[in-house]
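Colleague: Please take me through one part of this model in detail. I would like the helix with the charged pair, and its packing.

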Amino acid sequence: MAEWQSGRKVWKMIQFSKQDKEFIMENFENAKDIFTEQDIKKVLRVIDDLIMYKGFDENYNLNDLGRKAQRVYDSIYYNNANPADGL
């Protein structure tokens with residue numbers, strides 16, 4: 001995630017809550033890569049992929065994993081959203 005300060009691009013780390021980190025560590029083998037990613041859209045896409053592939057029951061309703069993943073997605077989005085980034 002980039003931010004412009006004094007005409008230059010400054011990289012900011014994506015902010016994760018304690019609950020976000022715990023969920024990611026439990027559900028992704030590449031958790032370290034997710035935590036070091038600088039593009040929030042990529043992080044959100046990975047979580048969205050988990051929701052799409054494992055987050056629904058046979059009736060296409062969110063299951064427990066899907067609800068937890070959606071809360072993490074929302075938390076990361078709202079804690080890092082910047083209108084200048086198009087989020």
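Modeller: Start with the term salt bridge: a side-chain nitrogen of Lys or Arg within 4 Å of a carboxyl oxygen of Asp or Glu. The model is predicted, so local features need pLDDT of at least 70, side-chain atom pairs count only at pLDDT 80 or more, and totals for chains, interfaces and linings use all residues. Residues are numbered from 1 along each chain as its sequence is written, and side-chain values use heavy atoms, with hydrogens and water left out.

By the salt-bridge rule, the count is one. R67 and D64 form it through their side chains, at 2.4 Å from N to O. Why can such a pair form? Side chains of opposite charge can pair when their charged atoms come close. Here, R67 and D64 sit three residues apart in helix α4 (residues 64–80), so about one helical turn separates them. Helices (H or I, at least four residues) and strands (E, at least two) are DSSP runs, numbered from the N terminus. R67 is partly exposed, at 36% relative accessible area. The classes are buried under 20%, exposed over 50% and partly exposed in between, with a 1.4 Å probe and protein chains only.

Now the packing. Two packed helices are described by the angle between their axes and the distance between the axes. Helix α1 (residues 18–27) packs with α4 at an angle of about 130°, and the axes are 10 Å apart. Axes are lines fitted to C-alpha atoms, for helices over the stretch in contact, and angles run from 0 to 180 degrees between N-to-C directions. The two helices are therefore oblique to each other. Under 35 degrees is roughly parallel, over 145 roughly antiparallel, 65 to 115 roughly perpendicular, and the rest oblique.

Which residues make the contact? From α1 come D20, F23, I24 and N27; from α4 come L65, K68, A69, V72, S75 and I76. Contact means heavy atoms within 4.5 Å. By class, the α1–α4 contact has six nonpolar, two polar and two charged residues. Ala, Val, Leu, Ile, Met, Phe, Trp, Tyr, Cys and Pro count as nonpolar, Asp, Glu, Lys and Arg as charged, and the others, Gly among them, as polar.

Look at S75, in helix α4. S75 is buried, with a relative accessible area of 19%. Leaving out residues up to four places away in sequence, S75 touches S17 and D20.

For context, the protein chain has four helices and two strands, in the order β-β-α-α-α-α. Of its 87 residues, 29% count as buried.
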